Amino acid sequence: MDQRHSTDVADHAKGKYTLIRDTESCQLGMYDKPLPCFGCGIGWFCLLLGFVFPCMWYYATILYFGNYYRKDPRERAGLAASAIAALICSVVLLIIVAVLIF
């Protein structure tokens with residue numbers, strides 16, 4: 001089998017193909033690296049950990065409003081979910097305090 005690569009039109013007509021890029025030396029893109037926190041991202045990790053430690057939702061909310069997701073847009077959904085969880089937690093705590101006081 002011929003290992004050389006040709007760009008000749010006649011070779012293409014015979015069924016020989018040209019190697020466009022080398023698969024061994026592929027460059028990694030910006031978003032090819034895995035996310036931190038076991039690959040799920042800081043936002044989703046804080047959301048899951050927030051069910052045990054609710055302060056993690058508030059930490060992720062600070063990151064969300066601090067535009068942390070501009071470093072990696074894949075973090076935006078998890079941080080937004082944690083911000084919503086922090087909002088729900090705050091409303092529930094406010095209702096509980098209101099019922100206990102009144």
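## Overall fold

Along its sequence, the chain follows the pattern α-α-α-α. The model is a predicted one. The chain contains four helices and zero strands.

Of the 102 residues in the chain, 25% are buried. Among the contacts in the chain with a separation of 6 or more, 48% are between residues 24 or more positions apart.

## Helix H4

Helix H4 covers residues 76-101. Its 26 residues reach 37 Å from the first C-alpha to the last, close to the 38 Å expected at 1.5 Å a residue.

The buried residues of H4 are Gly78, Leu79, Ala81, Ser82, Ala83, Ala85, Ala86 and Cys89. These residues pack against helix H2 (41-50) and H3.

## The crossing of H3 and H4

Two packed helices are described by the angle between their axes and by the distance between the axes. For helix H3 (residues 55-65) and helix H4, the axes come within 8 Å and cross at roughly 125 degrees. An angle from 65 to 115 degrees would count as roughly perpendicular and one over 145 as roughly antiparallel; H3 and H4 are therefore oblique to each other. Their crossing is left-handed.

On the H3 side, the contact is made by Trp57, Tyr58, Ala60, Thr61, Leu63 and Tyr64. H4 contributes Arg76, Leu79, Ala80, Ser82, Ala83, Ala85, Ala86, Cys89 and Ser90. By class, the contact of H3 with H4 has eleven nonpolar, three polar and one charged residues.

Notes. Residues numbered from 1 in each chain as written. Predicted model: local features only at pLDDT ≥ 70, side-chain atom pairs only at ≥ 80, totals over all residues. Heavy atoms only, no water. Axes fitted to C-alpha atoms, helices over the stretch in contact; angles between N-to-C directions. Helix = DSSP H or I, 4+ residues; strand = E, 2+ residues; numbered from the N terminus. Parallel < 35°, antiparallel > 145°, perpendicular 65-115°, else oblique. Left-handed = near helix turned anticlockwise from the far one by under 90°. Contact = heavy atoms within 4.5 Å. Nonpolar A, V, L, I, M, F, W, Y, C, P; charged D, E, K, R; others polar. Expected span 1.5 Å × (residues − 1). Buried < 20%, exposed > 50% of the residue type's maximum accessible area, 1.4 Å probe, protein only.
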